[in-house]
Amino acid sequence: MDKLSKWAVLLTALAMVSGCNDSSSNSANDSDAKPELPETPDVPETKVRKSLMVMIDGARYEALLNASTPNLDKLVLQQAYTGGISGTLSQSGTSTVEGESTLWTGSWHNVQKSGVDGFKTVWQHLKADDPEFKIGLYPNWPIFDYLSFDLKDIEHKQAFRSGTDREAEHVNSKLIAEKILTDDYNSLFTTIDMVDYSGHCYYGNSGGAWSHDYIETIEEADEIFGYMLDAVEQREAEHNEEWLVLVAPDHGFNRQNDDDSVDCSHGSQDIDAKKIWIASNKKELLNEQFTTPLKSIGNRDKDGIYRYVAQTDVSPTLLTWHDVALQPQWEIEGTSFIGDLGVRGLFVENAQENGAVEIHFTASNSLPVQVLLNGEEIQIIENAVAGEVYTFQPKLDVLEEGSHQVNFTLINNNIPKSVSASVTILDSVDYDDLPFESISAVYSFDGEFTENSVVGGHDLQKTGEPQTYSIWGKYDRALYHIRQFNNDLLLEDTFTNTDKFTFSLWFAGDGTSYDPAIITNKHWSSSADGIILAQLNNQLKLQVGANNEGSCCFIELPFTASSTTQEWNLLVVSVDKTLPWSSGEGFGVMTFGVYDATNVLHMGSVDLTGPRKETIHTGLPFLINNDHAQSYNTGHAALIDELVIWNDQVFTPGAIATLAQAEHSVVNKLAQQRATSTPAKLTAVDYIGASPNLTEAEQMTEAFWQRRRQMDELKAKLN
Ligand SMILES: [Zn+2]
């Protein structure tokens, strides 16, 4: 309550100083500035601008409000959100890697590109603007092991790796305080980690982020923050400097269960995991993006959380503070909460029709809005009304058929703001033209669980006694499998060592916050050879690894998760090792399509960089609902129907949609084909058998292929 009433006072104060956004201003008294400066010699010289960013790992907003935090109370606090926009391309996990990389780039983790053309951090932008700019990155958690940003120009960086040692965090932060006082840094970053450990039920705290222990840990973190804030104040008193202090967490924690039990984790799209906060010491400079949550907004999901400050706003704020103008090509999705305002509340929505996209933003002025698609202007909007939501369908005719990750940047009042979207321009594919003849395996789970419906194909193998049940599925019956270690269903891997392959399956999942494998030929670890498809919260994750190379290559797509009803999603994984990368620098592309239960197709692709083209084949069989580590999350249940292996085939978006919309199963289709090929064998097609000892079934198959060859020849002649 304390903080909320303070907030009301601040709003009044801000109303008096609105418009104060001159980056060189050093005084809160601009509201009564005179039109011309008097010619006095004692105008204070411009102070050197410095900054300190502190990330308090895993500190929930409501818990902070309930804690006694005398140091943070000296700052202005506002509710904020993390985890991207749920159900869109930007949806990102609510964990440290995702949160910290978002704080550093101003873009949601899931849309950040890596590699040479990858996203740059705020530190790289500041360094590029001024090579003398002295930056120190001193997190307590070893984030450098997990992020692939190019930080070689940042001279001073070191992770303290204090783990659960709370006393060490006091020592480390006193060291940072010392650096603030004596080392002439321009900008410093650090983290305080103990709150996250408390939320994870460490320190004997079984109540996690809903316990009194957790509140007390926030209070201890505040004490630690105090060492650094005191140092900033002392530094300002002793030097001609002005410091911007920004504090924010990376994430909250997953919602408490209805029975008050906790799962001691974060990562989900729960409100309590997404809801964070941002605090700043510069209340006289804060603009409406910070002070005034949007009343009109194009996305009211998640209890209206998107009205508030976003985690992506921190980076642009820091850049604006240091007088570095935001560039459209940086694809920054946030809005600076100091300085001038462009458009706010920018959202993109995929309509169900072919390729249609809707963009919403809230105008903060009536100036024109220039719309860029992948850096090229596609239109200018001149009739936006300040304070109101503007909605439009951008022109996408420059895009070809297929699936694209595109970037829209809206420039207004000279300020760019970006949003990324996955856009799929569907090709039209007839169901009968799907490559059924390429299928080497169909596991329909209608009769015997291990049976392959393709005559002569490999059945599933078993180790031990897998716990399997039959339930009603997408088509007829489906597999309900409960994970028990070393009691598995195994699929022989005869396809990942070929140039092209696709596998498809129908999946219903509960969106668990652990990330259990749905199907994989690798150990659970990200940096292990092989390919893994897993569910994680409201997303499905397809990842390809290479030993000891870290986690790089994955696609995360939303799906319809439900623990109460069976919501069937079609999952299609295609690999083409001969396809060039988008950069042209190598070969091998993996694509993933999810046709969800609301009939929306989500698509993504990733280049098979490094040795991944080879290491995707591990020589191990695929496990269904388990991975080869045999050590993680026992008891997980999987619901799977109609797993199909398509040899030498890659599916286009149109083919995925057509397969998903089919009224009948693939098994059904193959049975029809067999039925129609039987009379053909007896009448129209003379089987010219080179091997007289073929069984009747083999003769039927051979006749089918002969007829196909004849039809192909006929087609060729007609052309
Ligand atoms: Zn954590």
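Predicted model: local features only at pLDDT ≥ 70, side-chain atom pairs only at ≥ 80, totals over all residues.
Biologist: How many helices and strands does the protein chain hold?

Modeller: The protein chain has 15 helices and 30 strands. Of its 719 residues, 47% count as buried.

Biologist: Why is helix α4 called largely enclosed by the rest of the structure?

Modeller: A residue is buried if 20 or more other C-beta atoms lie within 10 Å of its own. In helix α4 (residues 122–129), 6 of the 8 residues are buried, so the helix is largely enclosed by the rest of the structure. The buried residues are V122, W123, Q124, H125, L126 and K127. Their cover includes α3 (96–105), β3 (135–138), β5 (187–192) and α11 (314–321).

Biologist: What makes helix α13 mostly covered?

Modeller: The same cut-off of 20 or more C-beta atoms within 10 Å applies. In helix α13 (residues 653–661), 8 of the 9 residues are buried, namely P653, G654, A655, I656, A657, T658, L659 and A660. These buried residues pack against the strands β14 (402–412), β15 (415–425), β21 (500–508), β26 (569–580), β27 (587–595) and β28 (601–607).

Biologist: How do you know that strand β22 pairs with strand β23?

Modeller: Pairing requires at least two bridges between the strands. Strand β22 (residues 517–520) and strand β23 (residues 530–536) have 3 bridges in the antiparallel sense, and therefore they meet the requirement. In one of these bridges, A517 has A534 of β23 as its partner.

Biologist: What makes β22 and β29 a pair as well?

Modeller: Strand β29 (residues 622–624) is joined to β22 by 2 bridges, and the two strands run antiparallel. The requirement is at least two, so these strands also count as paired. I519 has I624 of β29 as its bridge partner.

Biologist: Which residues touch the most other members of the largest nonpolar core?

Modeller: They are M228 and A248, in a core of 97 residues. Helix α7 (residues 212–238) supplies the largest share of this core, 10 residues. A second, separate core has 69 residues, including I439, F559, W568 and M603.

Biologist: With which residues is A248 in contact, leaving aside its neighbours within four places in sequence?

Modeller: Contact means that the C-beta atoms lie within 7 Å. On that basis A248 is in contact with M55, A80, L103, I276, W277, I278, Q311 and V314.

Biologist: What share of the contacts in the protein chain with a separation of 6 or more joins residues 24 or more positions apart?

Modeller: Such residues account for 66% of those contacts.

Methods. Residues numbered from 1 in each chain as written. Buried ≥ 20, exposed ≤ 12 C-beta atoms within 10 Å, placed from the backbone. Helix = DSSP H or I, 4+ residues; strand = E, 2+ residues; numbered from the N terminus. Contact = placed C-beta atoms within 7 Å. Core = buried A, V, L, I, M, F, W, Y, C linked by C-beta atoms within 7 Å.
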